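Here is a short report on one predicted model.

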Amino acid sequence: MAHIVDAKGKPCPTPVILAKQAMAQGHTAFTVLVDNPTAVENLKRLGDNQGFEVAVREEGGTYALDFTKGEGCSACEEAVNAPLPTGGDWAVFVGRDIIGDGDRELGTNLMRMFFYTLAQGEDKPGAVLFMNAGVKLPTLDEQVADHLKALCDSGTEILVCGTCLNFYGITDQLKVGTVSNMYDIVTRMQKAGKVISL
């Protein structure tokens, strides 16, 4: 019988962390149980990155993800040793939708100018990471989304917190980037040479 990881009702990023623990314990075949589509996508991405095949079954609002280790360990080694995206060895963390604490309109314009300048410059970040109110930028702000698309086309990875998108009810409005989770965002910060917070 396959090892079962019951992550139903667990907030992000707990299902991903529990699956990583199962991998670290040497399980080559295991099943993770979750109850929301965001966790399903995060776990599928984890499986792909770690060299596991993932089959998804759904019954009555519960999703069962069957992880099976791919042929050999080369895929897993490649995922662990994968190079950073083609952007620079630094990241930008965006936890709000304006820059500064003063006037909101000014803060909105400053944020748009920041991303325009970043997209036009030569030294582009390897990643831009969005959490909390920052997730409103790649969803609700057309100007910022356009600048982010230019960054993405240049090799910058755009990760957007899925829990935050769900909280604000704007998941279906994401214009650019990958719906992500706390585990992936923290890991990306740890890989960066430096992280700039806005």
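## Helix, sheet and cysteines

G26 follows helix α1 and has a positive phi, near 95°. Helices (H or I, at least four residues) and strands (E, at least two) are DSSP runs, numbered from the N terminus. This is a predicted model, where local features need pLDDT of at least 70, side-chain atom pairs count only at pLDDT 80 or more, and totals for chains, interfaces and linings use all residues. Residues are numbered from 1 along each chain as its sequence is written, and side-chain values use heavy atoms, without hydrogens and water.

Helix α1 spans residues 14-24, and P15, V16, A19, A22 and M23 in it are buried. Buried means under 20% relative accessible area, exposed over 50%, partly exposed in between (1.4 Å probe, protein chains only). Down the α1 axis, the buried residues fall within an arc of 120°, so they line one face of the helix. The arc is that of the directions from the helix axis to the C-beta atoms. Among the elements covering these residues are β1 (3-6) and α8 (182-191).

An open sheet of 5 strands has the order β8-β7-β6-β5-β9, with parallel pairing. Two strands pair if DSSP finds at least two bridges between them. β8 (178-180) and β9 (194-197) are the edges; each has a single partner strand, so one side of each lacks a neighbour in the sheet. Parallel strands β6 (residues 127-130) and β7 (residues 157-161) are joined by 4 bridges. L129 has L159 in β7 as its bridge partner.

The search of the whole structure finds 0 disulfides (cysteine sulfur atoms within 2.5 Å). Two cysteines are listed here.

| Residue | Relative accessible area | State |
|---|---|---|
| C161 | 3% | buried |
| C164 | 13% | buried |

Technical notes:
Contact = heavy atoms within 4.5 Å.
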